[in-house]
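Thanks for coming. Please look at the sequence and the structure first.

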Amino acid sequence: MAFVVRKGEWLHTSSTALVGSHSKREEPPKANSSINTGGECCSHTLSGEMAEHWVPRVWIVGSSDICMLQADLCHKNLCLPCFITWDGEGGRLWEHLLPTLRSLKATGPEPEILVVHLGGSSLCLEGRNRLDILREIKADLTRVFEMFPRTRVLFSDILPRLKWRGQTGRTAYGIERSRRWLNGAVSGFLSDRNMRCIWHGNIGLTHLIKDGVHLGPEGNQLFLNNLREALQVELKHQRPF
């Protein structure tokens with residue numbers, strides 16, 4: 001199985017594709033083919049008893065990695081019994097999380113599960129070190145808990161890169177160490193609050209395309225599998241608010 005549960009990991013979904021509010025866009029490369037959602041998509045996934053009663057809502061918020069997935073999926077709900085709202089935007093920074101969530105909150109009910117895949121584009125910005133970023137992430141996630149007190153919040157680990165926004169050195173060795181450290185620190189923070197992270201340990205530098213930033217077809221498939229399998233686990237424990 002591609003999904004590995006580390007101490008402090010979990011997830012959730014809802015259905016529609018929304019555009020983020022960040023005015024400065026970084027356009028991700030377009031994928032060559034649609035992504036396999038895994039298994040057979042049945043037309044009755046959200047019909048029958050489930051549709052007549054309660055269906056869990058999931059928001060997946062992120063940057064270009066999420067943007068590329070939502071553009072190429074053949075089934076927006078991943079063939080899962082839930083409604084998924086995909087909100088990905090190229091170049092989105094961690095500091096855009098709260099404004100994005102406020103915009104989503106204004107459109108309808110809060111989700112049972114919120115997946116956050118952000119932080120990679122903020123990891124190497126000038127004037128901040130990894131401790132500064134960790135403090136910001138903790139403060140913002142605490143605010144998210146207050147905004148959505150009944151929602152399960154899942155942090156999707158920052159993925160590896162060869163090139164980082166704001167990188168000044170010739171190699172990214174130090175940034176990679178910071179990435180691993182930050183993922184572990186956020187996992188511990190969420191674990192203390194009975195929340196979880198989604199680990200992407202099966203995705204490496206060989207899964208990147210030539211730009212050294214974005215995932216190629218195989219990497220996108222692994223990324224999707226990790227999200228989907230984590231959601232499958234989480235949805236088993238979901239009950240109406």
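**Strand 5 and what surrounds it**

In strand 5, Leu154 is the bridge partner of Val115. Before I go on, a word on the source: this is a predicted model, where local features need pLDDT of at least 70, side-chain atom pairs count only at pLDDT 80 or more, and totals for chains, interfaces and linings use all residues. Residues are numbered from 1 along each chain as its sequence is written, and side-chain values use heavy atoms, with hydrogens and water left out.

Helices and strands here are DSSP runs, numbered from the N terminus; a helix is H or I with at least four residues, and a strand is E with at least two. The protein has 6 helices and 6 strands, and along the sequence they follow the pattern β-α-β-α-β-α-β-α-β-α-β-α.

Back to strand 5, residues 152-156. Which strands pair with strand 5? Two strands pair if DSSP finds at least two bridges between them. Strand 4, residues 113-117, runs parallel to strand 5 and is joined to it by 4 bridges. Strand 6, residues 196-198, also pairs with strand 5 in the parallel sense, over 3 bridges. There, Cys197 in strand 6 is the bridge partner of Phe155.

Between strands 4 and 5 the chain passes through helix 4, residues 130-147, and the three elements make a right-handed β-α-β unit. Right-handed means that, with the strands pointing away from the viewer, the path from the first strand over the helix to the second runs clockwise.

Is strand 5 buried or exposed? Buried means under 20% relative accessible area, exposed over 50%, and partly exposed in between, with a 1.4 Å probe and protein chains only. By that rule, 5 of the 5 residues in strand 5 are buried. Arg152, Leu154 and Ser156 point one way, while Val153 and Phe155 point the other way. For the protein as a whole, buried residues make up 54% of the 241 residues.

Now the cores. In soluble globular proteins, nonpolar side chains tend to be buried together. A nonpolar core is a set of buried Ala, Val, Leu, Ile, Met, Phe, Trp, Tyr and Cys residues joined through side-chain atoms within 4.5 Å. The largest one has 33 residues, of which Leu101, Leu141, Val186 and Leu190 touch the most other members. Helix 4 gives the most to this core, with 7 residues. A second, separate core of 25 residues includes Val58, Ile113, Leu154 and Leu235.

Take Leu190. Contact means heavy atoms within 4.5 Å. Leaving aside neighbours within four places in sequence, Leu190 is in contact with Leu141, Phe145, Phe155, Met195, Arg196 and Cys197.

Last, the charged pairs. A salt bridge is a side-chain nitrogen of Lys or Arg within 4 Å of a carboxyl oxygen of Asp or Glu, and the whole structure has 11 of them. Arg152 forms one with Glu234, with the closest N and O atoms 3.3 Å apart. This pair links strand 5 to helix 6, residues 217-235, across 82 residues of sequence. Both Arg152 and Glu234 are buried.

Glu112 forms another with Arg57, at 3.1 Å between the closest N and O atoms. Glu112 lies in the loop between helix 3 and strand 4 and Arg57 in strand 2, so the pair ties together parts 55 residues apart in sequence. Glu112 is buried, at 1% relative accessible area, whereas Arg57 counts as partly exposed at 21%.
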